[in-house]
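Dear colleague,

I am passing on the structure that we spoke about, and I would be glad if you could look through it alongside the notes that follow.

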Amino acid sequence: MSADQSEGPLAGVPAEPGVGKPDAILVADGVIRRFGGLTAVEVDHLEVQRGVITALIGPNGAGKTTFFNLVTAFDHPDTGQFVFDGRPLGRLPAHKVARRGMVRTFQLTKALSRLTVLDNMKLGATGQRGERFLPALLPLLWREQDREIEQRALDLLARFQLDKMAGEFAGTLSGGQRKLLEMARALMVEPKMVLLDEPMAGVNPVLTQSLLTHVRDLRDLGMTVLFVEHDMDVVYDISDWVVVMAEGRIIAEGPPRVIGANPAVIDAYLGAHHDAPTTDAEEQRRLDDAEAVIEAEAGARPKGRR
Amino acid sequence: MNWGGIVENALRAAVGDFAAVFALAAIGLNVHFGYTGLLNFGQVGFMAVGAYGIAVAVTYLGLSMWVGLAVGLGASVVLALLLGLPTLRLRADYLAIVTIAAAEIIRLTFRSVSLRRYTGGSSGLTRFADEFYAVNPLSRGDYGFGPFVFSHRQTWVLVVAWLTVAVVSVMVLVLMRSPWGRVLKSIREDEEAARSLGKNVYWYKMQSLAFGGIIGSLAGFVLAISTQSVQPDTYSSAVTFFAYVVLILGGTARVLGPVVGSMIFWMLLSLTDNVLRAAVREGHIPAAIMSGVQVGQVRFMLVGLGLILLLVYRSQGIFGDRREIELDVR
Amino acid sequence: MHLRILAVLATALFLSMVPGVPAAAQESGGGEESVRGTITDGDGEPVEGVDIIVETLDGEEVGVATTGPDGSYELELPGPGEYRATIDQETLDELELELRNPDRATLEFPVRPGQSRPLLFPLGESTRSISGTFVRALQLLVEGVKFGLIIAMCAVGLSLIFGTTGLVNFAHGELVTFGALAAWIANVLLGLHFVPATVVGVLAGGLAGAALDKGLWRPLRRRGTGLIALLVISIGLGLLVRYIFLYQFGGRTRPYAQYVAQRAISLGPITIAPKDIVSILVSLAVLAAVGIALQRTQAGKAMRAVADNPDLASSSGIDVERVILLVWAFGGGLAALGGTLLGLTEQVSWQMGYQLLLLMFAGVILGGLGTAYGALVGSFVVGVFLQTSTLVISPELKNVGALLILILILLVRPQGILGQAERVG
């Protein structure tokens with residue numbers, strides 16, 4: 001990839017917030033979400049290009065996860081709307097958004113602990129006849145389909161090197177394996193677009209490489225990927241386009257190298273009074289520092305009780 | 001103390017009508033709580049609408065008892081919808097509060113003086129199940145072997161009751177191995193994950209509530225038919241708590257858990273009841289400490305204590321695998 | 001840890017075996033027992049066609065007696081023991097008659113062997129037809145205020161416990177009963193006057209709350225027991241303790257030694273017993289004090305901080321466990337006071353708190369689960385609603401109305417009046 005210019009479908013697209021894309025699969029328009037007095041998300045316009053990997057970055061509290069929730073209908077905006085694959089999402093419930101072909105993962109992995117790895121996978125398949133109450137009572141009606149699903153699940157598990165674990169409870173998997181499982185499970189839905197919320201968080205470096213490969217594979221299989229990530233190396237490494245959020249707004253977007261040099265982005269992360277970092281390593285260190293502080297605050301934020 | 005008689009009674013209790021009733025009630029709870037993770041604390045409400053469905057249909061509306069069964073089943077579905085609509089989108093503990101409140105509403109309504117004409121008020125209704133006994137294929141006499149000898153009427157009730165338990169258990173077995181059951185279990189584990197995979201969580205919870213509720217109303221049928229009476233205060237919240245003990249004792253999310261749990265539960269209750277009664281009668285326990293009336297109260301204390309001890313020390317039930325429960329701590 | 005939980009349970013069981021208040025014998029004896037009486041209206045004219053329903057304390061119906069042309073009735077009983085008689089409100093309504101004291105529609109009484117027990121159901125002039133709906137509404141409003149304040153007092157602890165620990169405490173009603181019973185023992189068995197006995201009850205309630213936290217809930221929290229499991233444990237605990245109360249105290253309702261029957265005084269259009277005025281004033285004073293304490297004192301601020309956000313409170317140096325212990329003690333004491341005041345007007349029984357539990361939940365949910373002020377407001381509204389609803393619905397169904405409202409609130413505004421919507425994710 002060149003230093004300041006994007007290649008492929010996004011070649012020639014100017015690096016400015018809200019810029020139009022040649023073939024947008026997801027369009028957000030005037031999306032605002034408030035919690036009490038706090039405006040968590042305020043996105044005037046955002047387009048996500050089909051078939052590429054887009055990274056969503058920004059300091060914690062920038063509204064990235066809230067934005068994810070809004071896109072996937074786990075939460076609804078106060079105003080504004082999303083258009084996915086040419087059709088407005090309106091107030092569609094989350095499960096219908098997923099069935100339209102937009103599947104997400106979660107920041108805290110949601111492996112279904114007391115289901116086997118294989119069952120976790122098979123759950124992801126859509127249009128299962130045996131998921132209706134009455135047909136479920138007659139295995140004859142769904143056994144054939146179930147077998148096909150199982151085969152597809154096993155193939156995917158093999159690709160993610162989880163096939164040996166197929167019969168184990170998902171709760172026995174390590175943190176990294178759970179991330180893999182969650183990604184593989186999302187693929188069972190056969191999505192057009194995958195949203196990954198911090199796919200590399202808490203994963204050891206060895207597994208990170210493997211995860212990165214899988215994310216690239218998704219794009220090569222024709223899927224669109226939008227992911228939230230903090231590790232700038234990862235972002236530079238695999239993303240084709242980067243969107244930067246701060247305080248709920250989109251403050252910049254563009255190819256990774258352009259974004260890395262954008263003073264507004266550096267300000268957002270480090271505060272306006274810092275000098276621009278001299279080296280990548282220096283920047284990384286500062287980002288890590290900033291993040292540690294933000295993380296500590298986030299840990300103290302109220303969590304939904306359940 | 002007549003140990004032979006006491007043991008015989010305990011064995012009979014393990015296969016008696018109450019064991020069957022609570023097995024059914026707990027199977028319903030297993031669908032709710034064990035498989036879907038729904039905290040239904042109003043299972044007795046489903047039993048009550050089932051039982052009163054028959055009783056009112058026969059005595060007030062003058063319908064056939066068989067139509068009454070349909071009325072009871074219909075009523076339990078309606079109850080599930082009424083309960084589920086407002087609460088299934090909310091946190092689990094809200095469902096617990098609402099269901100326990102709903103069961104209480106049902107009991108108070110059935111026992112209210114203003115509905116006396118339909119429900120018989122606090123005295124309830126009786127003699128509505130003659131049709132059931134009329135189709136008894138067994139001729140007059142006693143049936144069974146060893147301690148398990150019952151009159152032809154009891155035998156008929158027990159055969160039908162346990163057959164119902166068997167059929168329902170097989171249904172649950174098939175369902176929980178199907179993709180439908182897989183969705184329920186995924187909701188128990190993490191409903192947001194299920195939603196993110198395109199499952200209509202709300203609708204599945206509703207189906208689970210209705211299906212388990214229908215099984216609960218079957219328990220109400222068996223109880224009403226076996227005693228030929230319905231009384232509102234039979235259907236107090238304590239019944240739901242009993243069913244929870246039965247379920248957790250046998251092990252949640254196991255098809256046979258509730259059945260085994262119920263048999264053991266009633267055997268243990270019969271044992272303690274009879275031993276205490278005999279001890280009081282024969283003066284082993286001074287009257288100042290325990291009277292005959294108080295023996296009945298000890299039962300409730302034991303159930304409460306059992307619930308605490310089971311959850312603190314063996315939440316996987318007596319046969320369960322501890323490791324599986326530990327996976328729950330995420 | 002295990003040992004501690006076992007010790008608590010063993011103590012509970014031991015307490016249940018200590019000989020308690022002798023339960024009235026219910027064994028059957030010889031003789032012919034019956035209840036009888038004569039119903040006359042306010043002018044002393046006999047009333048025909050009124051039903052009196054007699055049942056045992058377990059709720060088993062013995063029979064229904066109907067007054068004859070001379071207003072008299074009689075019903076044979078199966079044997080001596082304790083019974084409950086209820087005058088059928090509906091038959092009274094049809095005759096446009098009303099009890100002089102609507103709280104006395106149900107009587108509980110023992111019957112000795114061979115006794116023919118006379119029952120009194122004095123009728124008054126129907127306030128409904130004579131004094132008009134407005135006065136009646138006013139009267140009910142005052143009763144509702146009294147009841148609502150009592151619920152509020154009991155429910156503050158319930159809400160704060162939920163806020164600080166996430167536990168939905170289904171055994172909270174037993175703290176209410178415990179306080180009332182402790183006060184009753186001090187008052188009737190030990191001969192203390194009602195006022196110091198109330199103090200004893202409140203102290204006992206506070207201690208019980210603290211002991212429960214220290215002996216049971218804190219160890220379970222340490223183990224990382226899930227909230228659902230804790231909820232079920234609280235149900236088991238409630239059941240255990242409730243039946244220990246029944247075992248010890250018997251199934252009867254019993255009055256305190258003082259202020260049993262007070263002549264109601266007239267305040268403008270309404271009549272009210274002095275003890276009810278005192279009850280309202282005491283509740284108001286205590287709740288105001290609670291409000292101020294939560295707002296101003298160090299401990300109160302800490303409680304609200306922990307209820308609001310345990311993690312943040314902990315990271316800002318608050319000793320969360322200590323605050324939780326305080327919440328339990330404080331909630332237990334308030335529940336006990338509520339129980340004692342409730343016992344003052346409605347007498348003391350083994351399940352008085354349990355019967356209040358769902359109303360507390362209704363109040364707490366109405367106000368917003370986890371908030372202290374929400375619980376106050378919500379419970380108050382529930383109490384007032386409960387009493388005034390009897391204007392239009394039969395009093396025996398007033399609880400049904402309140403619980404239906406609870407469900408409706410969840411449908412419309414699940415976070416309650418004062419609660420805030422939760423953030424997803």
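In which helix do Arg147(A) and Glu144(A) both lie, and how many residues apart are they? Both belong to helix H5 of chain A, which covers residues 143-159, and they are three residues apart, or about one turn of the helix. Please keep in mind throughout that this is a predicted model. Arg147(A) and Glu144(A) form a salt bridge, in which the closest N and O atoms are 4.0 Å apart, and over all chains the structure holds 39 salt bridges.

The next notes concern helix packing in chain C. Helix H5 (residues 172-189) of chain C packs with helix H7 (residues 227-249) of chain C at an angle of about 25 degrees, the axes being 10 Å apart. Because angles under 35 degrees count as roughly parallel, H5(C) is described as roughly parallel to H7(C), and the crossing of these two helices is left-handed. On the H5(C) side the residues that meet H7(C) are Glu174(C), Thr177(C), Phe178(C), Leu181(C) and Trp184(C), and their counterparts in H7(C) are Gly238(C), Val241(C), Arg242(C), Phe245(C) and Phe249(C).

The contact between them includes Leu359(C), Ala362(C) and Gly363(C) of H12(C), and, among the residues of H13(C), Gly374(C), Ala375(C) and Gly378(C).

The other partner is helix H14 (residues 398-412) of chain C, whose axis comes within 9 Å of the axis of H13(C) (residues 372-388), the two crossing at roughly 135 degrees. That angle makes H13(C) oblique to H14(C), and the crossing of H13(C) and H14(C) is right-handed. Here Phe385(C), Leu386(C) and Gln387(C) of H13(C) meet Lys398(C), Asn399(C), Gly401(C), Ala402(C) and Ile405(C) of H14(C); Leu386(C) also belongs to the contact between H12(C) and H13(C).

Finally, on chain B, Tyr60(B), Leu61(B), Leu63(B), Val67(B) and Val71(B) make a nonpolar surface patch of about 400 Å². Of these residues, Leu61(B) is found in the loop between helix H3 (43-59) and helix H4 (65-87) of chain B.

Conventions: Residues are numbered from 1 along each chain as its sequence is written. Chains are lettered from A and ligands numbered from 1 in the order in which they are written. This is a predicted model: local features need pLDDT of at least 70, side-chain atom pairs count only at pLDDT 80 or more; totals for chains, interfaces and linings use all residues. Side-chain values use heavy atoms; hydrogens and water are left out. Patches are made of residues with over 30% relative accessible area and no salt bridge: like charges are joined within 9 Å, nonpolar side chains (Val, Leu, Ile, Met, Phe, Trp, Tyr) within 5 Å. Accessible areas come from the Shrake-Rupley method with a 1.4 Å probe; for residues, only the protein chains shown count as cover. A salt bridge is a side-chain nitrogen of Lys or Arg within 4 Å of a carboxyl oxygen of Asp or Glu. Helices (H or I, at least four residues) and strands (E, at least two) are DSSP runs, numbered from the N terminus. Axes are lines fitted to C-alpha atoms, for helices over the stretch in contact, and angles run from 0 to 180 degrees between N-to-C directions. Angles under 35 degrees count as roughly parallel, over 145 as roughly antiparallel, 65 to 115 as roughly perpendicular and the rest as oblique. A crossing is left-handed if the near helix is turned anticlockwise from the far one by less than a right angle, and right-handed if clockwise. Contact means heavy atoms within 4.5 Å.
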